[in-house]
Amino acid sequence: MANEFGENPIQTEGDIVTCRKLIRNASVAAGFGMTDVTRIVTAVSELARNVYVHSGSHGVMRWQTLYKPGQIGIQLEFEDYGVGIPDIDQAIEAGFTTAGSMGMGLSGVKRLMDDMTIKSETSVGTIVTIEKWGRAK
Amino acid sequence: MDENTLSVIKLKNILLVTVPDEPGDDIIHELQTKVLHAIEKYQSKGLILDISNVNILDSFFARTISETTQMVALMGGKTVIAGMQPCVAITATELGLHLGKAISTLDVDRALDIFSDNFKLV
């Protein structure tokens, strides 16, 4: 099966919903089951909102589907040009928040996905990459 | 369903709100304000939030539900969340979300039962 890929800007609140819909369709098309689709879309919602809130309305989501023998996967990258995350370990800790939310964002996303990596540079920006794998039908 | 508006329906002395499947942040903000004003206007004793269409519950939506429940409680009302889909319940738990003091039921019928049971006691 051919790899699908794309990107979507994250500049307005409405882009969060657009990203969710885009990735819902892509995950269903890739063959993920309903629960995994919900996990992936929820992770997208959390990370797209992070980008929107912290990046001064400049950010982008890139995605691609991945295939290994017997497996399907999706990889997503959220890039913002915000202030950066000074302490990544602290940011992933459950309960940590700078935005007055529940603080479940990054730690929760990590639990929903199979892999999460964060690259961040102060005053330059942050890239959060997540991956989810499932069994091919 | 029109995704850009939210209807607050008065049913005797409670309010029923059906949330669209992919609620945007604006709809979620609107939910809180509309509900609180409707409670004042109709002197409602409670709120049923029908989320059976909702296929994503993230931390922002969960926080708004939790806050709204608290605000409704301050105005003397009870909030019941009805009809959460299994995949949403699984994801919300894994993400670490909680809905504060809101009560949950399987569907709107059971939510209505909660209110009618309560009213018998009053």
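Reader: How many helices and strands does chain A have?

Author: In this predicted model, chain A has four helices and five strands. Along the sequence they follow the pattern β-α-α-β-β-α-α-β-β.

Reader: What makes the five strands of chain A one open sheet, and in what order do they stand?

Author: Two strands are paired if at least two bridges are found between them. Strands β3 (residues 71-80) and β5 of chain A are joined by 10 bridges, and the criterion asks for at least two, so these strands pair. They run antiparallel, and one of the facing pairs is A:I72 opposite A:G134 of β5(A). The order across the open sheet is β1-β2-β3-β5-β4 (chain A), with antiparallel pairing. The twist averages 15 degrees from one strand to the next.

Reader: Why are β1 and β4 of chain A called edge strands?

Author: Strands β1 (5-9) and β4 (115-121) of chain A each pair on one side only.

Reader: Why is A:V37 called buried?

Author: A residue is buried if 20 or more other C-beta atoms lie within 10 Å of its own. A:V37 has 25 such atoms within 10 Å, and is therefore buried. This residue is found in helix α2 of chain A. Leaving aside residues up to four places away in sequence, A:V37 touches A:R24, A:S27, A:V28 and A:F32.

Reader: Which residues touch the most other members of the largest nonpolar core?

Author: They are A:V44 and A:A48, in a core of 61 residues. Helix α2 (residues 34-54) of chain A gives the most to this core, with 10 residues. Not counting residues up to four places away in sequence, A:V44 touches A:C19, A:R20, A:I23 and A:L76.

Reader: How many residues of each chain are in contact across the interface?

Author: The contact involves 24 residues of chain A and 19 residues of chain B. On the side of chain A, α1 (13-30), α2 and α4 (105-112) are the elements that give two or more residues. Helix α2(A) gives the most, with nine residues. By type, this side of chain A divides into eight nonpolar, nine polar and seven charged residues.

Reader: What makes strand β4 of chain B an enclosed strand?

Author: Four of the five residues of β4(B) (residues 78-82) are buried, so this strand is largely enclosed by the rest of the structure. Five bridges join β4(B) to β3 (residues 46-50) of chain B, and the two run parallel. Among the facing pairs are B:I48 with B:V80 and B:L47 with B:T79.

Reader: Why do β1 and β5 of chain B stand at the edges?

Author: The open sheet has the order β1-β2-β3-β4-β5 (chain B), with mixed pairing. Strands β1 (8-11) and β5 (103-105) of chain B each have a single partner strand, so one side of each is left without a neighbour in the sheet. The twist averages 25 degrees from one strand to the next. Helix α2 (residues 59-74) of chain B packs on the sheet, touching β3 and β4 of chain B, and its direction makes about 150 degrees with that of β4(B).

Reader: What are the scores of the model?

Author: The model scores ipTM 0.88 and pTM 0.90. The mean pLDDT of chain B is 91, and 93% of its residues reach 70 or more.

Technical notes:
Residues are numbered from 1 along each chain as its sequence is written. Chains are lettered from A and ligands numbered from 1 in the order in which they are written. This is a predicted model: local features need pLDDT of at least 70, side-chain atom pairs count only at pLDDT 80 or more; totals for chains, interfaces and linings use all residues. A nonpolar core is a set of buried Ala, Val, Leu, Ile, Met, Phe, Trp, Tyr and Cys residues joined through C-beta atoms within 7 Å. A residue is buried if 20 or more other C-beta atoms lie within 10 Å of its own, exposed if 12 or fewer, and partly exposed in between; C-beta atoms are placed from the backbone. Two residues are in contact if their C-beta atoms, placed from the backbone, lie within 7 Å. Ala, Val, Leu, Ile, Met, Phe, Trp, Tyr, Cys and Pro count as nonpolar, Asp, Glu, Lys and Arg as charged, and the others, Gly among them, as polar. Axes are lines fitted to C-alpha atoms, for helices over the stretch in contact, and angles run from 0 to 180 degrees between N-to-C directions. pLDDT is the predictor's confidence in each residue, from 0 to 100.
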